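Dear colleague,

I am handing over a structure for you to look through, and my notes on what was found in it follow below. Please keep the model open beside the text as you read.

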Amino acid sequence: MSSNTVTALILAAGAGTRMKSDKPKVVHRVLDVPMIQLVIAAAEEAGCERILTIVGHKQEQVRSVLADSVECVHQPEQKGTADAVVVATDALKDSTGYLLVMCGDMPLLRPETLRQLIDVCRNRSMAVLTAQVDNPSGYGRIVRDGTGSIAAIVEDKDASPSELAINEINTGIYCFALEELFERLAKIDSNNAQGEYYLTDMVKVCHAEGESVMGLQLAEAEEAHGVNSRVQLAQAGQILQKRINERWMEKGVSIVAPEMTWISPDCELEHDVEILPNTTIAKGSTVKRGSILGPNTRIYGANIGEDCSIEESIVHDSCMGDRCTIGPYSYIRPEVELGNDVRVGPSVEVKKSKVGDGSKVPHLSYIGDATLGEKVNIGAGTITCNYDGEKKSHTTIEDAAFIGSDTMLVAPLTIGKGSVTAAGSTISNDVPDDSLALARAPQVNKDGWVKKKREAK
């Protein structure tokens, strides 16, 4: 062959009616990642230099989850897998080498398996990924000849009784040499029970031209797990969950209850991280060594430093330095930056704020649109009043300031270095450095008021 370049063509045009969803099947998530992204990642890791995706049903939703580097080709009518390849003719007209055809609803494929399939196809016209299963019902059967090569792939609805007894199935994953692919596709017809153009018929075409078709049988049939229903979606998640958790444990991460821990495939963890039950780590999060997450904790798009502790809390699209302590019952919203040795205590919410080294927000407070310097202490019940009904305003609390409990900080506002606000104050004007701010109404006692009211009844 003239080139060893491999292009991936991912079939993602179908509706997936068994999902009973307003969304195309391939955008449904497995461990918080759209399943088509998992297929694309496997193809890229396998060495595919170009990714094409066939889109059709609600194509806008499919395109919205794809990276800009992924090219899309529209299939107006879903007339079969061979037709899906034909519609990519123009996109592939200048390509050489090999075409890896994959299904967008198979999120469990391993890159190493795809590499093996590509290697099997080297200097051949076609190779097929197969699997041995206990119950082959509904799948195309692999019919081999006396040499062990694949003589035919017979769809379930077109199979004879003897063919239905075969337990080796077609996974729907193929590799083709591009050199003569489209000339051979033109020889496929739709004379079958479905009235569709089957890509599986390429086996017969190749045989008719004296080309042998090789099959690579999966060592683990679960890789061929396709998703056509909500049940199968959950099953795929369970398989991937187990695979990912075992990989991290082998790398030195402690997972107390693997069946109650969910880690997305795009996350990175260092050794000596400890994960307690009912914890989710997703959306490309990173966790450095020595940190303890959980129980009952969710981390999305977060960068967690070394030796941090996050207990029964949520962290969204934020980052923190080393030795931070979060929770329980805290909510770190997007665009939060915590320095080193920061304490965010029980029932605290922090949003779009920067908190300096050694600062503390111990409990029952809201910090939003704020910048806190180093070694700031926030008393219980403190609120940055950042929204006036029309716009958000910023609060700045400088180094070593002490905010008394139940203080309302009405933004825009600056609290100077080393200053103190008295408990129960509503602070609406800037406070200079090293000052005490006291803003509360004087207390009035009404002597005997309760007794008089009781006697009047």
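A400 is found in the loop between β35 (395–397) and β36 (402–403), in what is, please bear in mind, a predicted model. Although A400 is not a glycine, its phi is positive, at about 65°, and with a relative accessibility of 44% the residue counts as partly exposed. D369, which sits in the loop between β31 (366–368) and β32 (370–372), also has a positive phi, of about 50°, without being a glycine. D369 counts as buried because its relative accessibility is 8%, and the cut-off for buried is under 20%. As background, most residues other than glycine have a negative phi, and most peptide bonds are trans.

The bond from G294 to P295 is cis, with omega near 0°, and P295 belongs to the loop between β18 (292–293) and β19 (297–300). The bond from G327 to P328 is likewise cis, with omega near 0°, and P328 is placed in the loop between β24 (325–326) and β25 (331–332).

If neighbours within four places in sequence are left aside, the contacts of L100 include V6, L9, C48, L114, I173 and Y174.

The largest pocket has a volume of about 1,400 Å³, and of the 42 residues that line it, K25, T81, C103, D105 and N228 are the closest to its centre. Strand β10 (168–177) supplies at least two lining residues, as do β1 (6–12) and α3 (81–86), and the largest share, 5 residues, comes from β10. By type, the lining of the largest pocket divides into 15 nonpolar, 19 polar and 8 charged residues.

The second largest pocket has a volume of about 580 Å³ and is lined by 23 residues, with L38, E45, L240, R247 and P265 nearest its centre. Here α1 gives the largest share of the lining, 5 residues, and the lining divides into 13 nonpolar, 1 polar and 9 charged residues.

With best wishes

Methods:
Residues numbered from 1 in each chain as written. Predicted model: local features only at pLDDT ≥ 70, side-chain atom pairs only at ≥ 80, totals over all residues. Heavy atoms only, no water. Helix = DSSP H or I, 4+ residues; strand = E, 2+ residues; numbered from the N terminus. Buried < 20%, exposed > 50% of the residue type's maximum accessible area, 1.4 Å probe, protein only. Contact = heavy atoms within 4.5 Å. 1 Å grid on protein atoms, 1.4 Å probe; cavity = no way out; pocket = protein on both sides within 12 Å on 5 of 7 lines; lining within 4 Å. Points joined across faces, edges and corners; volume = space filled by probe spheres on them. Nonpolar A, V, L, I, M, F, W, Y, C, P; charged D, E, K, R; others polar.
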